Amino acid sequence: MIKFKTSLIIFLLISLNGFPVFAAGQKMMSIQVKKGEIRSTPSFLGNIVARLSYGDRVYVREEKGPWVRVGLPGNSHEGWIHTSVLTSKKIVFKSGAKNVQTSASSDELALAGKGFSKQVENEFKEKNPKINYAWIDRMEKFVVSEKQIKQFLKEGELSPEGGF
Amino acid sequence: MTIESKDRFFGSNVKLAVLGLGIMLALPVFISGCKTMEAVTNIGTSLGQSVGLLTESQADSISKSSKAVARSFEDFTPEQEYYIGRTVGAVIVNKYKPYNNKRVNAYINLLGQTLANASDMPETFNGYHFLILDSDEINALAAPGGLIFITRGMLRCCRDEDAVAAVLAHEIGHIQFKHGLQAIKKSRITSALIILGTEGAKTFGGEDLANLTSTFEGSISDITSTLVNNGYSRNFERQADVAAVTILKRVGYDPNGLVDMLKVMEKKLKPGGPDFAKTHPSPESRIADIQKHIGKYAKVHESKVRHKRFLAALGNN
């Protein structure tokens with residue numbers, strides 16, 4: 001009897017401790033930007049360990065301020081990503097997918113390429129041929145690397161504080 | 001201690017443990033039940049259904065549209081925000097002439113990206129990008145999603161890198177708080193979401209695409225007229241200034257750079273001008289608000305190397 005109760009307590013203690021870990025380990029989120037970079041440390045100055053694309057899913061392991069430690073399904077890679085990259089919604093690409101009956105107003109799903117999209121932009125361009133997007137396209141090609149930022153900070157004698 | 005008392009001791013602990021487990025399991029259910037408005041509508045429509053007042057499809061359409069009405073600018077995905085921002089940006093560069101100087105734009109992008117990384121919204125759908133406009137007007141504008149524009153007239157109000165950083169950080173603040181999207185009239189957001197709600201994942205046909213495009217056009221005009229003519233509310237400007245102070249401190253810039261820039265701007269702004277004179281609270285009142293956060297003004301001491309690179313990039317601007 002005692003043995004049974006003792007093992008029951010041990011079982012309950014394990015469940016109590018294990019439960020939140022288990023739940024957090026299973027929580028999944030999606031990348032809601034074009035390119036999501038997973039880093040070795042919770043900082044933009046951390047090395048990039050993996051690159052993800054819009055809609056990719058990650059497991060949430062741990063949260064630290066605005067940074068989330070995530071795991072990738074199907075492999076052992078882990079790293080940190082900024083919370084602004086993530087959404088709890090599942091991002092659906094293909095139109096007519098079976099699970100998209102709830103539409104864009106759903107809490108669980110977001111439709112990629114719907115609403116104000118490339119298709120609507122093209123329609124707008126046709127209606128407003130005088131508005132030129134060439135400079136916007138050029139602007140989007142101005143890209144700054146982590147290496148350049150590190151050098152810029154160092155040369156400018158700037159020492160960023162936590163949260164960077 | 002007898003075996004019996006030990007047994008009782010264990011027994012009460014088991015009860016406690018079971019109670020604890022019960023509370024832990026119930027907690028998430030309690031926490032997640034917070035969507036009051038939707039829940040109320042659901043109860044209402046299902047009641048209507050059960051007493052035979054509504055058909056199933058009527059009930060369905062009611063809950064769908066109330067869902068859409070309950071929603072706001074926050075429901076635009078980062079992808080949609082990006083497409084709104086691209087067109088707002090295109091309208092801006094068609095009004096102002098871009099400053100075609102690779103070296104100076106590269107400096108602004110490097111500075112801007114460094115600041116954006118330190119903001120509460122460092123990542124957007126396609127990132128932050130900065131462009132100088134070849135205009136004497138004193139202006140800086142942020143299109144949703146991360147396209148930021150600054151005029152040469154505004155750069156002339158900046159006497160060091162800390163001041164340029166302050167202007168860019170203020171614009172990043174507007175993006176972080178999605179102020180641009182909040183300039184879109186609520187009725188447009190509702191109609192856009194209803195079109196999406198009824199169409200779901202289907203490919204848009206002619207009529208829906210035309211409706212969505214005209215909603216898009218309206219949204220662009222709401223934002224650009226706010227940016228160029230009416231300005232944001234004083235509260236939004238205050239929020240952007242506070243965000244700027246936070247960003248500057250995080251990177252290591254002196255937030256007094258913002259005060260310096262505003263002091264120069266105050267001297268240069270012409271009353272009734274088409275730029276910040278029209279769209280922003282007076283520099284004087286902004287300085288008063290900023291000083292509530294950073295205290296009394298202290299002169300900015302920019303390091304020699306930093307000042308040198310500022311002059312190299314913008315000295316001849």
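Tutor: Let us begin with strand pairing: two strands pair if DSSP finds at least two bridges between them. Please keep in mind that this is a predicted model. In chain A, Val60(A) has Val70(A), in E5(A), as its bridge partner.

Student: How many bridges join E4(A) to E5(A)?

Tutor: Five bridges link strand E4 (residues 57-64) of chain A with E5(A), and the two run antiparallel.

Student: What does E4(A) pair with besides that, and in which sense?

Tutor: Strand E1 (residues 28-31) of chain A is joined to E4(A) by three bridges, again antiparallel. There, Met29(A) sits opposite Val58(A) of E4(A).

Student: And how do E5(A) and E6(A) pair?

Tutor: E5(A) and E6(A) are antiparallel, with five bridges. Look for Gly71(A), which stands opposite Glu78(A) in E6(A). This hairpin has six residues between its strands, and Gly74(A) takes a positive phi near 85°.

Student: Where is Leu72(A) placed?

Tutor: Leu72(A) lies in the loop between strand E5 (67-71) and strand E6 (78-82) of chain A.

Student: Why is Leu72(A) called partly exposed?

Tutor: The general idea is to count C-beta atoms around a residue: 20 or more others within 10 Å make it buried, 12 or fewer make it exposed, and anything in between is partly exposed. Leu72(A) has 17 other C-beta atoms within 10 Å, so it is partly exposed. Setting aside neighbours within four places in sequence, Leu72(A) is in contact with Ala50(A), Val58(A) and His77(A). You have already met Val58(A) as the residue opposite Met29(A).

Student: Let us move to where the chains meet. How are two packed helices described?

Tutor: Two packed helices are described by the angle between their axes and the distance between the axes. Here, helix H2 (residues 118-127) of chain A packs against helix H10 (residues 206-230) of chain B at an angle of about 75°, with the axes 9 Å apart. That angle is why H2(A) counts as roughly perpendicular to H10(B).

Student: Which residues make the contact?

Tutor: From H2(A) come Gln119(A), Val120(A), Glu123(A), Phe124(A) and Lys127(A), while H10(B) supplies Leu209(B), Leu212(B), Thr213(B), Phe216(B) and Glu217(B). Sorted by class, the contact of these helices has five nonpolar, two polar and three charged residues.

Student: What is the secondary structure of chain B?

Tutor: Chain B has 15 helices and three strands. Of its 317 residues, 45% are buried. Among contacts in chain B with a separation of 6 or more, 70% are between residues 24 or more positions apart.

Student: In what order do the three strands of chain B lie?

Tutor: They form an open sheet in the order E1-E3-E2, with mixed pairing. Strand E1 (129-133) and strand E2 (140-143) of chain B are the edge strands, each pairing on one side only. From one strand to the next, the twist averages 20°. E2(B) pairs with strand E3 (residues 147-151) of chain B in the antiparallel sense over four bridges. Within that pairing, Leu141(B) has Phe149(B), in E3(B), as its bridge partner.

Student: Which helices lie on this sheet?

Tutor: Helix H5 (residues 102-117) of chain B lies across E1 and E3 of chain B, running at about 140° to E1(B). H7(B) also packs on the sheet, where it touches E1, E2 and E3 of chain B; its direction makes about 30° with that of E2(B).

Student: Which residues have the most contacts inside the largest nonpolar core?

Tutor: Leu115(B), Ile150(B), Val167(B) and Leu168(B) do, in a core of 96 residues. Helix H7 (residues 161-176) of chain B gives the largest share of this core, nine residues. For a close look, select Leu115(B): not counting residues up to four places away in sequence, it touches Ala165(B), Leu168(B), Ala169(B), Ile172(B), Ile247(B) and Val251(B).

Definitions and conventions: Residues are numbered from 1 along each chain as its sequence is written. Chains are lettered from A and ligands numbered from 1 in the order in which they are written. This is a predicted model: local features need pLDDT of at least 70, side-chain atom pairs count only at pLDDT 80 or more; totals for chains, interfaces and linings use all residues. A nonpolar core is a set of buried Ala, Val, Leu, Ile, Met, Phe, Trp, Tyr and Cys residues joined through C-beta atoms within 7 Å. Two residues are in contact if their C-beta atoms, placed from the backbone, lie within 7 Å. Axes are lines fitted to C-alpha atoms, for helices over the stretch in contact, and angles run from 0 to 180 degrees between N-to-C directions. Angles under 35 degrees count as roughly parallel, over 145 as roughly antiparallel, 65 to 115 as roughly perpendicular and the rest as oblique. Ala, Val, Leu, Ile, Met, Phe, Trp, Tyr, Cys and Pro count as nonpolar, Asp, Glu, Lys and Arg as charged, and the others, Gly among them, as polar.
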